Amino acid sequence: MGFLDEIKQRATDVASQVAEKTQETAKAGQLQMQLRSLKGEEKDALADFGRQAYGLHREGALSERSGELASGAARIADLQAQIAAKEQEIADVKGADGSDTVEGSAEEVQEPGAPEPAASEPPPPPPPPPSA
C-alpha cells in the first residue's frame with residue numbers, strides 16, 4: 001500500500017473512531033439528563049414521604065398508621081433502583097477503560113524518509129528548598 005493510501009486509511013479509521021465517540025458522548029449526555037430527572041423525582045418523593053410521616057407524627061399516629069407510608073416508601077425504593085441502574089448504564093456507555101476521548105488511540109503518521117522528531121531534553125531538576 002502506498003503512502004497516500006496509508007494516510008487515507010488512517011484518516012478513515014480516525015474519522016470512524018471520532019463518529020463512534022461522538023455517538024457515545026451523545027448517549028451519555030442523554031442518560032445524564034434521564035438520571036437528573038430521576039433524582040428530581042426521588043427528591044420530590046422523599047419530600048412527600050417526609051410530609052406524610054411528619055403529619056402522622058404530629059397527630060401522634062405514626063406508629064399506628066405507618067402502613068399509610070408503605071406506598072411512598074415503595075416509590076422511593078423503586079426510584080433508587082432506577083437511579084442505580086441508570087448510573088450503571090452511564091458507566092457502561094462511557095466504557096470500562098474510562099477513555100472518553102479519541103486522542104488516546106490516535107497516532108502520528110510520518111512521511112517515509114522524513115527524519116524522526118528530536119527527543120526533547122528532560123526538564124532541569126527543581127531548585128533546592130530554601131534553608132530556614
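Helices (H or I, at least four residues) and strands (E, at least two) are taken as DSSP runs and numbered from the N terminus. By this definition, the secondary structure of the protein comprises 2 helices and 0 strands. The structure is a predicted model, in which local features need pLDDT of at least 70 and side-chain atom pairs count only at pLDDT 80 or more, whereas totals for chains, interfaces and linings use all residues. Residues are numbered from 1 along each chain as its sequence is written, and side-chain values use heavy atoms, with hydrogens and water left out.

The arrangement of the two helices was examined through their axes, which are lines fitted to C-alpha atoms, for helices over the stretch in contact, with angles running from 0 to 180 degrees between N-to-C directions. Helix 1 spans residues 3-58 and helix 2 spans residues 70-94; their axes come within 9 Å and cross at roughly 165 degrees. Helix 1 is therefore roughly antiparallel to helix 2. In this scheme, angles under 35 degrees count as roughly parallel, over 145 as roughly antiparallel, 65 to 115 as roughly perpendicular and the rest as oblique. The crossing of helix 1 with helix 2 is left-handed; a crossing is so described if the near helix is turned anticlockwise from the far one by less than a right angle, and right-handed if clockwise. The residues of the contact between helix 1 and helix 2 consist of 13 nonpolar, 5 polar and 10 charged. Here Ala, Val, Leu, Ile, Met, Phe, Trp, Tyr, Cys and Pro count as nonpolar, Asp, Glu, Lys and Arg as charged, and the others, Gly among them, as polar.

For the protein as a whole, 15% of the 132 residues are buried, where buried means under 20% relative accessible area, exposed over 50%, and partly exposed in between (1.4 Å probe, protein chains only). The protein exposes about 10200 Å², of which carbon and sulfur atoms supply 56%. Of the contacts (heavy atoms within 4.5 Å) with a separation of 6 or more, 77% join residues 24 or more positions apart.

Individual residues illustrate the pairing of the helices. In helix 1 lies E42, which is buried, with a relative accessible area of 16%. Beyond its neighbours within four places in sequence, E42 is in contact with L79, Q80 and I83. The C-alpha atoms of E42 and R75 are 8.4 Å apart, although 33 residues separate the two in sequence.

With neighbours within four places in sequence set aside, K86 is in contact with L31, Q34, L35 and L38. G72 is also located in helix 2 and counts as buried because its relative accessible area is 17%. Between the C-alpha atoms of G72 and A53, which are 19 residues apart in sequence, the distance is 9.9 Å.

Two further residues of helix 2 were considered. Q82 is found in helix 2 and is partly exposed, at 31% relative accessibility; its C-alpha atom is separated by 9.4 Å from that of K39, 43 residues away along the chain. A91 also lies in helix 2 and is partly exposed, with a relative accessibility of 38%. The C-alpha atoms of A91 and A28 are 8.6 Å apart, while 63 residues separate this pair in sequence.

Key: Areas by Shrake-Rupley, 256 points an atom, 1.4 Å probe, with all protein chains shown as cover.
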